[in-house]
Amino acid sequence: MIYANWKTGQLGLPFSGTLSNGKTVSSYNKLPATALEAEGWLQAETFEPDYDPETQTLEISTIEKVDKVIDGYTDPETGEEVPQTIQVVSKVTYVAVDKPPQAPTYEELVAEVLELGGTV
């Protein structure tokens, strides 16, 4: 289970951290769910766009607190969805960005030098 902090924008629980009251805590990642929620940490639900992993990478765009309907039913008279159970989660939205060009490898540089008539 991945957690995200909708207050600070962090993804993944730290092993140690500082609480909002200023106290430093080791085993922060083992705090009870109620304590984590009070600090802004909620179970994360991620939304990733389609992307080409060869040329693109994903970056976090937003982390926000949202209500997620887990159970519900459709009202037969109105046709509307009626929530029965709501879970508060951190919605993590990603965007696809182009990967930066990679620097040539040592072997590629040597081949280029040799191709230009140089020696190594």
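**A charge, a ring pair and their surroundings**

Mentor: Let us begin with Lys91, which sits over the face of Phe47, 5.1 Å from the centre of the ring. The rule asks for NZ of Lys or CZ of Arg within 6 Å of the ring centre and within 35 degrees of the ring normal. Please keep in mind that this is a predicted model, where local features need pLDDT of at least 70 and side-chain atom pairs count only at pLDDT 80 or more, while totals for chains, interfaces and linings use all residues. Residues are numbered from 1 along each chain as its sequence is written, and side-chain values use heavy atoms, leaving out hydrogens and water.

Now to rings facing rings. Rings of Phe, Tyr and Trp (its six-membered ring) pair if their centres lie within 6.5 Å; planes under 30 degrees apart count as stacked, over 60 as edge-to-face and the rest as tilted. That rule finds 1 aromatic pair. The partners are Tyr28 and Trp41, in an edge-to-face arrangement with 6.4 Å from centre to centre and 70° between the planes. Tyr28 belongs to the loop between β3 (24–26) and α1 (33–38) and Trp41 to strand β4 (residues 41–47), so the pair ties together parts 13 residues apart in sequence. Helices (H or I, at least four residues) and strands (E, at least two) are DSSP runs, numbered from the N terminus.

Buried means under 20% relative accessible area, exposed over 50%, and partly exposed in between (1.4 Å probe, protein chains only).

Ser27, in the loop between β3 and α1, has a positive phi of about 55° although it is not a glycine. Ser27 counts as partly exposed, with a relative accessibility of 39%. Glu39 lies in the loop between α1 and β4 and is buried, at 14% relative accessibility. Beyond its neighbours within four places in sequence, Glu39 is in contact (heavy atoms within 4.5 Å) with Tyr28, as well as Asn5, Lys7, Thr18, Leu19 and Ser20. Glu39 and Trp6 lie 33 residues apart in sequence, and their C-alpha atoms are 9.3 Å apart in space.

Back to Phe47, by way of Tyr94. Tyr94 is part of strand β6 and counts as buried at 15% relative accessibility. Setting aside residues up to four places away in sequence, Tyr94 touches several residues, among them Phe47, Thr46, Glu48 and Leu58.

Thr57, in strand β5 (residues 56–74), is partly exposed at 32% relative accessibility. Outside the four places on either side in sequence, Thr57 touches Val95, Ala96, Val97 and Lys99. Its C-alpha atom is 33 Å from that of Val25, which is 32 residues away along the chain. Apart from neighbours within four places in sequence, Val120 is in contact with Tyr106, Val110, Val113 and Leu114.

Finally, the whole chain. There are 2 helices and 6 strands, in the order β-β-β-α-β-β-β-α from the N terminus. The C-alpha trace spans about 80 × 50 × 20 Å along its principal axes. Its radius of gyration is 23 Å, whereas a compact globule of 120 residues would have one near 14 Å; the radius is taken over C-alpha atoms, and the globule rule is 2.2 Å times the number of residues to the power 0.38. Of the 120 residues, 18% count as buried. Among contacts with a separation of 6 or more, 57% involve residues 24 or more positions apart.

As for confidence, pLDDT is the predictor's confidence in each residue, from 0 to 100. The chain averages 87, and 94% of the residues score at least 70. Confidence is lowest in strand β6 (residues 81–98), at a mean of 80, and highest in β3, at 92.
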